[in-house]
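Good morning, colleagues. Please have the sequence and the model in view as I speak.

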Amino acid sequence: MADRKSGGGKTGSGKAGAEDRRYKESGVEVDPLYRPEHVSDLDYDERLGDPGEYPYTRGPYPSMYRGRPWTMRQYAGFGSAKETNERFKYLIEQGQTGLSVAFDLPTQMGRDSDHSLTVGEVGKVGVAIDSLLDMRDLLDGIPLKDVSTSMTINATASTLLLLYTLVAEEQGATAADVSGTTQNDILKEYLARGTYIYPPAPSMRLTTDMFAYCAAESPRWNTISISGYHIREAGSTAVQELAFTLANAIAYVEAAVEAGLAVDEFAPRLSFFFNAHNDLFQEAAKYRAARRMWAKIMKDRFGAEDERSLKLRFHTQTAGSSLTAQQAENNIARTTVQALSAVLGGTQSLHTNAFDEALALPTEHSARIALRTQQILASEASLTDTADPLAGSYYVESLTDAVEEEAWRYIEQIDEMGGSVEAVENRFMQREIEEAAFRYQREVEREERIIVGVNRYTGGGEDAEEMDLHTVDESIRERQVQRLAELRETRDNSAVEKALSRLKAAAETGDENLLYPMKEALSEFATVGEVSDTLRAVFGEYRP
């Protein structure tokens, strides 16, 4: 475990009275001045190391952005696959360097667009993908051998990955050629987001089956992006985001090892997904602490020997929950600060939210501004000149230690409960997040926490009704329903039924990796909903 020392607990020459004390939302006390004595016992080799060296506090790679900038991966998806394909091509033309796909709620929940529960949701918060036909349209004209793609998908992650690789194979590539990431983090769905389908045990089986499948078939694919983002969006503190994310990661590694996988066989393809909020220095400290903690966990707890298994690599998205509908233009400044914290903290890829996302999906105009924000940081702010420029700051190093210390406390508590699955089932993490969200909201209402344009400086600003907002064509569900009807009329339904029967048998026996029969069914044009329903019949559905 980490050394029990906290920079926040030390004081410099300017001591504050009790009434002047300031705390991060995580509860870390901030001194009015930081001096050398705050970091006097900081061992450089043990606690920092050079970039690319254990414990990777300063970054996973020696040259960091001097080699190449972070990947600019703007999140996009709405309406039909063809509409989203047009947005992807627009963003690529504007200089985006990686795709990031948002799926609608029916796709995330394993429901086809013609299901009765999908009314009002098809294509609304992401793109509707019902079958291989939709995935073909989504990726039309995009060379999958050359493009890295991130997919924010969890309960149906294996299904969407297989559809993606089927399209790649139609393009002449192989599953081994494709690169990207599926979020595939089901534990955080139970505690923060809610787009789960099956109970935890079979969900973890799907996750570990995907680890094994990709190790054998798609070695360039990041099999999971263990997500603190949605934990933070649900109202957690920075420390809770870090601690709960790493606790979930421990659970995934344990499940994979129990399933018979060697840790160094799958761990190099694990990745993470963090939130970037407005407290610039705390966020940068969080990322630095995350790398140090993960290296220690993998080395000491799991005995990983491959240095790639020790390196925490992560994607960052700026904080959607921080965006305000009031004076929405202010969100451009918020997003810039948040993006800066991610870059200073050493992120590998970054999405910057559009300023109008508190009101609607981004327009092309707002999405371009969000992308240009990253490009300005990379091209004009000299942020790529040197690795980890904050290293050695009395404040940042003390804050990194303090954030790490508090995160270890949470992990120890979760370990005592038996791990993340048990902590989720007992609602420990959910209650901690709920209490943190309640405290934050009370601070805003009491004006103890200032939100510009909301509870302070509220004059002026463009009204929402005056803004040009993106809208989704309400006919999208009707079009998807028609397409599904045509698919079921033209495909070989006998072949689909046989393939789904094989999938069901594999799920019942527990002896076979589910992705192989799943891929066979999808190649015969089984739908996302049909595959999910087959597994529902065996695994059941989770009810909190």
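I begin with Arg427, which at 37% relative accessibility counts as partly exposed; here buried means under 20% relative accessible area, exposed over 50%, and partly exposed in between, with a 1.4 Å probe and protein chains only. Before going on, please note that this is a predicted model, in which local features need pLDDT of at least 70 and side-chain atom pairs count only at pLDDT 80 or more, while totals for chains, interfaces and linings use all residues. Residues are numbered from 1 along each chain as its sequence is written, and side-chain values use heavy atoms, with hydrogens and water left out.

Arg427 forms a salt bridge with Glu434, and their closest N and O atoms are 2.6 Å apart. By salt bridge I mean a side-chain nitrogen of Lys or Arg within 4 Å of a carboxyl oxygen of Asp or Glu. Glu434 is partly exposed as well, at 43% relative accessibility. Side chains of opposite charge can pair when their charged atoms come close. In total, the structure holds 43 salt bridges.

Two further pairs deserve attention. Glu189 bridges to Arg193, with 3.1 Å between the closest N and O atoms. These two residues are four apart in helix 6 (residues 187–193), so about one helical turn separates Glu189 from Arg193. Helices (H or I, at least four residues) and strands (E, at least two) are DSSP runs, numbered from the N terminus.

Arg536 counts as buried at 11% relative accessibility, and Asp533 as partly exposed at 35%. Elsewhere, salt bridges with shared partners join Glu25, Arg232, Glu241, Glu283 and Lys286 into one network.

I turn now to helix packing. Helix 5 (residues 157–170) and helix 7 (residues 200–217) pack at an angle of about 30°, their axes being 10 Å apart. Axes are lines fitted to C-alpha atoms, for helices over the stretch in contact, and angles run from 0 to 180 degrees between N-to-C directions. Helix 5 and helix 7 are therefore roughly parallel to each other, a term for angles under 35 degrees. Helix 5 contributes Ala157, Ser158, Leu161 and Leu162 to the contact, and helix 7 contributes Leu206, Met210, Tyr213 and Cys214; contact means heavy atoms within 4.5 Å.

Next, the backbone. Where is the cis peptide bond with omega near 5°? It runs from Tyr54 to Pro55, and Pro55 lies in the loop between helix 1 (44–48) and strand 3 (71–72). Asp388, although not a glycine, has a positive phi of about 50°. Its place is in the loop between helix 14 (364–379) and helix 15 (394–417), and Asp388 is buried, with a relative accessible area of 7%. Glu447 is likewise not a glycine, yet has a positive phi of about 60°. Glu447 is found in the loop between helix 17 and helix 18 and is partly exposed at 40% relative accessibility.

Val452 is partly exposed, at 37% relative accessible area. Thank you for your attention.

Key. Parallel < 35°, antiparallel > 145°, perpendicular 65-115°, else oblique.
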